[in-house]
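Me: Hi! I'm new to this one, could you walk me through it?

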Amino acid sequence: QVRLVESGGGLVQAGGSLRLSCVASWSGSTKSMYVLGWHRQAPGRDRELVATLRRGGDTNYGDSVKGRFTISGDNAKNTVSLQLNSLKVEDTGVYYCYGYSDWLGREFWGQGTQVTVSS
């Protein structure tokens, strides 16, 4: 059974910063996720890519967060963090930790953590 557990999030004023963290684990295995990352969903909108980190270190960012958010982590340890700087009101939403396992051939999602940016 695979679990992705997020921490961090909360309420912050526009221009502020937050840090999100996620740990992926599953019983009986030490295998690592091929991709770890974050997606977000604002009220009334589709879930969108925020950032991903691929085994080997390649990163990918959504256009709206480039230059403001930074993803980091260790796929071998199944941990990923997201530093959110220069937050805007439109960054408000539920942030979901995401993992893709190449050896299982499927993706996994955390429960989500709320980020609210006030003006």
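Me: Is R55 buried or exposed, or something in between?
Reply: R55 counts as partly exposed, because its relative accessibility is 35%. Buried means under 20% relative accessible area, exposed over 50%, and partly exposed in between (1.4 Å probe, protein chains only). This is a predicted model, where local features need pLDDT of at least 70, side-chain atom pairs count only at pLDDT 80 or more, and totals for chains, interfaces and linings use all residues. Residues are numbered from 1 along each chain as its sequence is written, and side-chain values use heavy atoms, with hydrogens and water left out.

Me: Which residue does R55 meet in a salt bridge?
Reply: That's D102, at 3.2 Å from N to O. A salt bridge here is a side-chain nitrogen of Lys or Arg within 4 Å of a carboxyl oxygen of Asp or Glu.

Me: And how many salt bridges are there in the structure?
Reply: There are six salt bridges. One of them joins E48 and R40 (2.7 Å, N to O), and D91 also forms one with R40, with the closest N and O atoms 2.9 Å apart.

Me: Why does R40 count as buried?
Reply: Because its relative accessible area is 5%. D91 is buried too, at 1% relative accessibility, whereas E48 is partly exposed at 29%.

Me: New topic: what does R106 touch?
Reply: Leaving out residues up to four places away in sequence, R106 touches G99, Y100 and S101. Contact means heavy atoms within 4.5 Å. R106 itself is partly exposed, at 45% relative accessibility.
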